[in-house]
Amino acid sequence: MVTFTVEDQDGNRQEIEAPDDMGFNLMEILKASEYPVLATCGGMALCGTCHIEVLEGKDGLGDATDPELDQLENLPEYYPTSRLSCQIRISDILEGAVIRLRGEDVV
Ligand code: FES
């Protein structure tokens, strides 16, 4: 299991535990934890509604892929810390990370 912290739209933080050996991505875990992530494209890096910021622990995650960057650049707001949560595979790299939900930026 890997443990990381999620900050919701209201600034409330909660620790989330997720299995790191089942091939889930972060968007799936956020949805399973009942966060309001629309994920309308189902994790194809096409909708941008799973937008998050990685506040801590970004270094270990590597760079966004080109399709991910293309989608991020189309968002109304996009930060250096922005990622698409569907493109982040749950692994021990996320241990101790802090992420902030940003999906509400997408209308
Ligand atoms: S779920 Fe659509 S871009 Fe991530």
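Mentor: Start with a definition: a salt bridge is a side-chain nitrogen of Lys or Arg within 4 Å of a carboxyl oxygen of Asp or Glu. This is a predicted model, where local features need pLDDT of at least 70, side-chain atom pairs count only at pLDDT 80 or more, and totals for chains, interfaces and linings use all residues. Residues are numbered from 1 along each chain as its sequence is written, and side-chain values use heavy atoms, with hydrogens and water left out.

Trainee: What makes Glu53 and Arg100 a salt bridge?

Mentor: Their N to O distance is 3.3 Å. The cut-off is within 4 Å, so the pair qualifies. Glu53 sits in strand S3 (residues 51–56) and Arg100 in strand S5, so the bridge ties parts 47 residues apart in sequence. Strands here are DSSP runs (E, at least two residues), numbered from the N terminus.

Trainee: Why is Glu53 called buried?

Mentor: Buried means under 20% relative accessible area, exposed over 50%, partly exposed in between (1.4 Å probe, protein chains only). Glu53 has 6%, so Glu53 is buried.

Trainee: And why does Arg100 count as partly exposed?

Mentor: Its value is 24%, so Arg100 falls in between.

Trainee: Which residues are linked in a network of salt bridges?

Mentor: Glu7, Arg13, Glu53, Arg100 and Arg102. Glu7 pairs with Arg13 at 2.9 Å between the closest N and O atoms. Glu7 also meets Arg100 at 3.0 Å.

Key
Helices (H or I, at least four residues) and strands (E, at least two) are DSSP runs, numbered from the N terminus.
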